[in-house]
Amino acid sequence: LLSFVLQYFIDFMNYQGTLDFLFNSLPMFQRIGQAAYKADLSNSLAFDKHLNFPHRSFKSIHVAGTNGKGSTSHMLASIFQAAGYKTGLYTSPHLSDFRERIKIDGQMVRPEFVTEFIADNREFIDQVKPSFFEMTVFMAFDYFRCEQVDIAIVETGMGGRLDSTNVIAPELSVITNISLDHMQFLGETLPLIAIEKAGIIKPKIPVVVGQYDQAYASVFEQMAREKDSSIRFADLDYNCPLALKSIDQKQIFDIYKGSVLLYPQLKLDLLGFYQQKNILTVVAAFEQIKAQFKLDTAHLYQALEHAAEHTGLQGRWQILSSNPMVVCDTGHNQDGIKWVLDQIEQTPYRNLHMVWGMVGDKSIDKILEMLPKQATYYFTQAQIPRALDANELAQKGFDIGLKGNVYANVSNALDAAKQSALAQDLIFVGGSTFVVAEVV
């Protein structure tokens with residue numbers, strides 16, 4: 001027993017040391033922002049070659065988009081898991097545990113693999129100096145190869161064309177939607193951002209786009225023509241006029257193709273109202289690939305009813321506690337926050353309490369203007385360098401009529417909200433993925 005405990009301690013310390021190296025030695029966009037962004041694929045191509053092209057060992061589906069790509073990726077992974085495929089899932093960022101980024105059948109990557117991967121490739125890492133994101137992508141691909149997954153669902157980072165994940169040759173490309181986010185990297189307009197996202201479209205590989213919008217649809221159509229790839233827009237082929245809630249607190253959707261009811265009473269255990277859009281993207285992707293992978297309707301129903309359970313997805317309209325109800329959501333740009341605010345408006349409550357923090361490179365003023373004036377605000381900041389100072393955020397809020405106080409950290413802010421709230425009140429935690437990461 002003593003030797004087991006000693007070995008466990010050694011392994012734990014080795015893993016902690018590895019994490020310290022990852023977080024403190026490699027440029028990490030989530031922490032420091034623009035300084036970590038690399039606008040080319042040279043490091044990715046070098047890493048891929050160094051590892052002898054691990055992505056060639058498994059099939060994949062590539063998912064890009066501004067909002068919804070995380071939920072869509074998890075739902076697709078759940079479908080393949082339900083069908084019995086050994087399924088890899090790569091997403092970012094993580095919330096509370098680095099290993100959330102790399103999963104197989106819902107189970108996070110083993111700590112010892114993380115440690116061994118860095119140790120085995122330390123000389124290359126020191127020489128090439130990849131970013132944190134570049135390193136995690138190829139750690140995932142190497143893990144998927146070592147574990148011999150059948151398929152991997154691979155979510156891009158912020159872009160597509162120059163994203164480290166874009167070395168893969170997928171069976172299907174999925175682009176959820178386009179809205180204004182990361183404009184300093186991807187462009188100031190929807191068409192410019194669409195060009196970056198469209199970079200994942202590969203020759204003769206079908207592509208599903210979640211939402212048709214005249215502002216950018218032609219970008220995807222032109223890229224698909226150039227690549228000789230079939231393209232479909234999910235919300236043109238399918239529609240979901242109504243979402244209901246079941247007695248077991250799951251959403252229920254009737255999915256139509258034209259006027260034909262294709263999937264009646266489709267349950268989903270993800271509670272965000274915005275999933276009404278994402279589920280159309282997932283259904284369109286399912287229809288595109290079901291014959292190739294011998295997927296059937298039962299797999300779809302089982303997978304969506306247990307999507308969070310199968311994959312461990314957190315932070316999407318996640319109910320943390322009741323009386324008062326405490327909810328968090330990772331929506332962080334104008335489009336994502338609009339959906340969250342619509343759901344808050346439709347949620348019964350007596351008083352609204354908003355635990356709110358943001359990062360400094362978002363459209364802060366525009367987002368603050370969207371927020372409900374009648375709420376009480378608990379302005380705070382996540383423990384990352386990119387976080388906007390809580391006092392500065394609060395002053396911007398006070399200037400437009402928001403009311404509340406400033407708290408040094410998220411924990412203190414949430415504690416204060418709980419102390420102030422009545423049992424019938426609603427406490428919402430959000431504004432930034434990193435604020436949510438500190439409460440889940």
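## Legends to the close-up views

**View A. Phe53 is placed in the loop between helix H3 (42-50) and strand S1.** Helices (H or I, at least four residues) and strands (E, at least two) are DSSP runs, numbered from the N terminus. The structure is a predicted model, in which local features need pLDDT of at least 70 and side-chain atom pairs count only at pLDDT 80 or more, while totals for chains, interfaces and linings use all residues. Residues are numbered from 1 along each chain as its sequence is written, and side-chain values use heavy atoms, with hydrogens and water left out. Phe53 is a residue other than glycine with a positive phi, near 55°. Its relative accessibility is 23%, so Phe53 counts as partly exposed; buried means under 20% relative accessible area and exposed over 50%, with partly exposed in between (1.4 Å probe, protein chains only).

**View B. Gln148 lies in the loop between H6 and S5.** The phi of Gln148 is near 55°, a positive value in a residue that is not glycine. Gln148 has a relative accessibility of 64% and therefore counts as exposed.

**View C. Eight strands form an open sheet with mixed pairing.** The order of the strands is S4-S3-S2-S5-S1-S6-S7-S8. Two strands pair if DSSP finds at least two bridges between them. Strand S4 (107-108) and strand S8 (231-233) are the edge strands, each of which pairs on one side only. Strands of a sheet pair through backbone hydrogen bonds, either parallel or antiparallel. Strand S1 (residues 59-64) runs parallel to strand S6 (residues 172-175), and four bridges join the two. Opposite Val63 stands Val174 in S6.

**View D. Strand S2 of the sheet has both faces covered.** Thr87 and Leu89 on one side are buried, as are Gly88 and Tyr90 on the other. S2 is joined to S5 by four bridges, and these strands run parallel. S2 is also joined to S3, by three bridges, and here the strands run antiparallel. Leu89 has Ile153 as its bridge partner in S5, and Leu89 stands opposite Lys103 in S3.

**View E. Helices H6 and H9 lie across strands of the sheet.** Helix H6 (residues 132-146) lies across strand S2 (87-90), strand S3 (102-104), S4 and strand S5 (151-155). H6 runs at about 15° to S3; axes are lines fitted to C-alpha atoms, for helices over the stretch in contact, and angles run from 0 to 180 degrees between N-to-C directions. Contact means heavy atoms within 4.5 Å. Helix H9 (residues 217-227) lies across S6, strand S7 (207-209) and S8, and runs at about 160° to S8.

**View F. Helix H4 (residues 69-82) and helix H11 (residues 275-293) cross at roughly 40°.** Two packed helices are described by the angle between their axes and the distance between the axes. The axes of H4 and H11 come within 10 Å. Their crossing is right-handed; a crossing is left-handed if the near helix is turned anticlockwise from the far one by less than a right angle, and right-handed if clockwise. Residues of H4 that meet H11 include Met75, Leu76 and Phe80. Among the residues that they meet in H11 are Val282, Phe286 and Ile289.

**View G. Strand S16 (residues 376-379) pairs in the parallel sense with strand S15 (residues 352-356) over four bridges.** His353 has Thr376 of S16 opposite. S16 also runs parallel to strand S17 (residues 403-406), to which four bridges join S16. The bridge partner of Tyr377 in S17 is Gly404. From S16 the chain crosses through helix H16 (residues 390-399) to S17, and this β-α-β crossover is right-handed. A crossover is right-handed if, with the strands pointing away from the viewer, the path from the first strand over the helix to the second runs clockwise.

View H. Pro324 lies in the loop between strand S13 (318-321) and strand S14 (325-328).

**View I. Cys146 is partly exposed, whereas Cys328 is buried.** The relative accessible area of Cys146 is 46%, and that of Cys328 is 0%. A search of the whole structure finds zero disulfides, a disulfide being a pair of cysteine sulfur atoms within 2.5 Å.
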